[in-house]
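Some labels in a structure description rest on a cut-off. The questions below ask what each label rests on.

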Amino acid sequence: MPNVALYNIAGQKTGELELKESIFGVEVNESALHTVVKAYLANQRQGTQSALTRAEVRGGGIKIYRQKGTGRARHSSNRAPIFTHGGVVFAPKPRDYRMSVNKKVKRLAMKSALTSKVNDNEIIVYEALDIPAAKTKEMVKVLNAMSVKKALIVLPEKDEIVERAASNIPGVKTTLVGTLNVYEILKYDTLILTKDAVAKIEEVYV
């Protein structure tokens, strides 16, 4: 089973924590990771983009000049795509970009993402993030003690003090175990967990 060091908020090692191999020690499945990340990004798209085709642009109802005898190309409307103020070729229209992913693939991707962080030594587990006040400087002290710049902080439950302390730090985001997703785990350089958050993850993905 994979083991990780346990730290206090001063950055001092206080012990070790044994992680469940079925969650933090699986074979990394890159195909599942790719599928889930692609679906996540697609599902963030609003799909509200829209442009007018030549049939929808206002005007252009009359033939702009006679068919023959001008020496110019034949045209029926000045709303064709080659003209200024003309319609758009294959104009984008509102559509739904949502992709659905099988639950088993989602779970496999989550376990693969967590395992990859353990394998790359990009995971830090704290006994607890019991900072004294909801101030940015307090969280900066905690991160600087471990030389962390870009991090995702995963909390077992809502903690307003930690969330407020981390909210103004560039490259740092807080999330809950219940809203944890593969894309954000991979996006941030370091995954920060508390001992309770690890227990909750192991309870959910067992």
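**Labels and their grounds**

The axes of helix α2 (residues 30-43) and α3 come within 8 Å and cross at roughly 110°. The model is predicted.

Q: Why are α2 and α3 called roughly perpendicular to each other?
A: Their axes cross at roughly 110°. Angles of 65 to 115 degrees count as roughly perpendicular. The crossing angle falls in that range, so α2 and α3 are roughly perpendicular to each other.

Q: Which residues of α2 and α3 meet?
A: A32, L33 and V36 supply the α2 side. From α3 come V105, K106, L108, A109, S112 and A113. Contact here means heavy atoms within 4.5 Å.

Q: What makes T115 buried or exposed?
A: T115 is found in helix α3 (residues 103-119). Its relative accessibility is 1%. Buried means under 20%. T115 therefore counts as buried.

Q: What does T115 contact, leaving aside its neighbours within four places in sequence?
A: T115 is in contact with I23, F24, G25, V26 and V28.

Q: What makes β1 and β3 a pair?
A: 2 bridges join them, and they run parallel. The threshold is at least two bridges. The count meets that threshold, so β1 and β3 pair. L6 stands opposite V125 in β3.

Q: How many bridges join β3 to β6?
A: Strand β3 (residues 123-126) and strand β6 (residues 190-194) are joined by 4 bridges and run parallel. I123 stands opposite L191. V125 has L193 as its bridge partner in β6.

Q: Which way do the residues of β3 point?
A: I123 and V125 point one way, I124 and Y126 the other. All are buried. The label requires under 20% relative accessible area.

Q: What is the strand order of the open sheet?
A: The 6 strands run β2-β1-β3-β6-β4-β5, with mixed pairing. What makes β2 (13-18) and β5 (172-176) edge strands is that each pairs on one side only. On average, neighbouring strands are turned by 30° against each other, direction ignored.

Q: Which strands does helix α7 touch?
A: Helix α7 (residues 195-204) packs on the sheet and touches β1 (3-7), β2, β3, β4 (151-155) and β6. Its direction makes about 95° with that of β6.

Q: In which sense do β4 and β5 pair?
A: They pair in the parallel sense over 5 bridges. I153 stands opposite T174 in β5. The chain crosses from β4 to β5 through helix α5 (residues 160-166).

Q: What makes that β-α-β crossover right-handed or left-handed?
A: The test is to view the strands pointing away and follow the path from the first strand over the helix to the second; a clockwise path is right-handed. This crossover is right-handed.

Q: Why is E160 called exposed?
A: E160 is found in helix α5. Its relative accessibility is 51%. Exposed means over 50%. E160 therefore counts as exposed. E160 and A134 are 26 residues apart in sequence and 7.7 Å apart in space, C-alpha to C-alpha.

Q: Why is P132 called exposed?
A: P132 has a relative accessible area of 63%. The cut-off is over 50%. P132 is therefore exposed. Its place is in the loop between β3 and α4 (136-145).

Q: What makes H85 and N121 buried or exposed?
A: H85, in the loop between α2 and α3, has 63% relative accessibility. N121, in the loop between α3 and β3, has 69%. Exposed means over 50%, so H85 counts as exposed, and so does N121.

Key
Residues numbered from 1 in each chain as written. Predicted model: local features only at pLDDT ≥ 70, side-chain atom pairs only at ≥ 80, totals over all residues. Heavy atoms only, no water. Axes fitted to C-alpha atoms, helices over the stretch in contact; angles between N-to-C directions. Buried < 20%, exposed > 50% of the residue type's maximum accessible area, 1.4 Å probe, protein only. Parallel < 35°, antiparallel > 145°, perpendicular 65-115°, else oblique.
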